[in-house]
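Subject: Handover of a structure and its findings

Dear colleague,

Please find below the sequence and structure that I am handing over to you. My findings follow directly after it.

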Amino acid sequence: MMRAYLDYNSTTPVDREVLEAMLPYLAENFGNASSIHSPGQQARGAVDRARDSVAALLGAKPAEIVFTSGGTEADNLALFGVAAASTKTRKHIVTTAIEHHAVLNSCQELERQGIDVTYLPVGSNGVVDPQDIHRALRPETILISVMHANNELGTIQPVEEIGHIAAEADVYFHCDAVQAAGKLPLDVNRLGADLLSISAHKIYGPKGAGALYVRSGTPLTPQFHGGHHERDRRPGTENVPGIVGLGKAAELARIRLAGNNAASSSELERIAALRDRLEERLLDEIPSVSVNGDAGRRVGNTSNLTFAGAGGESLVIALDLQGIACATGAACSSGAVEPSHVLLAIGLSADDARSSLRFSLGRNTTPEEIDYAIRVIPGVVERLRSLSPLSAGTVAAR
């Protein structure tokens, strides 16, 4: 049976060059990067080189990079760290309704601690209006947190405009760039970001490694307590192999995104063309299918489609049995499948949100995988609709 992996927004395979860079630090070069002897200093040199590579990807200074265990920790450190460091008596944060749970759940916890949070709506296109950000600001606002590219829809947020708004209001701006890294050029100065999160396993690096950019002068209270690692911002013995992997993945991502690299541009265009082909054929061959979010303003690898009358979870399982890996936006909570908060935020009904799938492509996606998906998906959708008591009326109405 052929297989098609179409879930790159969930995680990516480790690039061969990344793996080769990591292997020595998993075996013979096992020193602790905080030790002053030669093995320790060898590890320290590897960490420093990785820091340089991550900084280069983001247009930052190496001293502004804090290594973390991934995007979730980076988001948590940004929100809780800025909130704890603020000297304001009353504190307020502005974010959007479509953020990753690493941001939303952190904001909910901060609310329980007495901090006000404004969750701004987005349009049916999945994009927040920068003027809504401006109108939401208060004298007590300490932070704006808006993602660069949405993990479910792929929609690109107007982060440069938001960065300008934050700077004019003298408010710190955090950008979750986990899904943008490797797909869009990232320059923290152009974006106006004071803090920015990335994760290694989204850019063909290892799981368990990430980074938070913290602009020099941005107050940040560490959320762990221990040694003086990462310039007193994140204690704990460094995950040297993971950091080395993140550094190599960042280096490769920067090279592939370089504007003067024709091969890189053609690779991004190739992925987008495959995504468009998959999307167009499914829309042509299956009735009652719609694209979620702004079809033009999104990263080139992501397609989120609603298959009215066919349950998303059932589709994922049925497609997996046919060798096709994709995802829903739903999360399993207490045994009940909840509709995606992102899809509800753009105006979908709960039924349509539960009938949506995300297809996300990557470097290793082949035309053969796309052709296979195009052959298989229509039949699976038709079969599941025939079994659903809700599908007949729903599909006919469209």
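Predicted model: local features only at pLDDT ≥ 70, side-chain atom pairs only at ≥ 80, totals over all residues.

In what order do the strands of the open sheet of seven strands lie? The order is S2-S8-S7-S6-S5-S3-S4, and the pairing is mixed. Helices (H or I, at least four residues) and strands (E, at least two) are DSSP runs, numbered from the N terminus, and two strands pair if DSSP finds at least two bridges between them.

Residues are numbered from 1 along each chain as its sequence is written, and side-chain values use heavy atoms, with hydrogens and water left out.

The protein as a whole

The secondary structure comes to 15 helices and 14 strands. The C-alpha trace spans about 70 × 50 × 45 Å along its principal axes. For 398 residues, a compact globule would have a radius of gyration near 21 Å, and the 22 Å of the protein agrees with this; the radius is taken over C-alpha atoms, and the globule rule is 2.2 Å times the number of residues to the power 0.38.

Of the 398 residues, 55% count as buried. Buried means under 20% relative accessible area, exposed means over 50%, and partly exposed lies in between (1.4 Å probe, protein chains only). Among contacts (heavy atoms within 4.5 Å) between residues at least 6 apart in sequence, 73% join residues at least 24 apart.

Axes are lines fitted to C-alpha atoms, for helices over the stretch in contact, and angles run from 0 to 180 degrees between N-to-C directions.

Strand S5 (residues 141–145) pairs with S6 in the parallel sense over three bridges, and Ile144 has Phe173 as its bridge partner in S6. Strand S6 (residues 172–176) is in turn joined to S7 by three bridges, again in parallel, with Leu196 of S7 as the bridge partner of Cys175. Between S7 and strand S8 (residues 210–214) there are five bridges, and these two strands run antiparallel; here Ser197 has Leu212 as its partner in S8.

Is strand S7 enclosed or open? Five of the five residues of S7 (residues 195–199) are buried, so the strand is largely enclosed by the rest of the structure. In a regular strand the side chains alternate between the two faces of the sheet. In S7, Leu195, Ser197 and Ser199 lie on one side and Leu196 and Ile198 on the other, and all are buried.

Helix H2 (residues 38–58) touches S2, S7 and S8, and helix H3 (residues 71–85) lies across S2, S5, S6, S7 and S8, running at about 160° to S7.

Tyr172 belongs to strand S6 and is partly exposed, with a relative accessible area of 29%. Not counting residues up to four places away in sequence, Tyr172 touches several residues, among them Val82, Ile144, Asp194 and Pro219. Tyr172 and Pro219 are 47 residues apart along the chain, and their C-alpha atoms are separated by 9.6 Å.

The sheet of three strands

An open sheet of three strands has the order S9-S10-S14 and antiparallel pairing. Strand S9 (289–291) and strand S14 (356–360) are at its edges, each with a single partner strand, so one side of each lacks a neighbour in the sheet. S9 is joined to strand S10 (residues 302–307) by three bridges, and Val291 has Leu305 as its bridge partner in S10. Helix H11 (residues 312–321) packs on this sheet, touching S10 and S14.

S10 and S14 pair over five bridges, with Thr306 opposite Ser356 in S14. Five of the five residues of S14 are buried, so S14 is largely enclosed by the rest of the structure.

A residue in helix H8

His229 is found in helix H8 (residues 229–232) and is buried, with a relative accessible area of 15%. Its side chain reaches the backbone nitrogen of Gly236 at 3.0 Å.

Yours sincerely

Technical notes: Polar contact = N/O pair within 3.5 Å; in protein donor to acceptor, adjacent residues only side chain to side chain.
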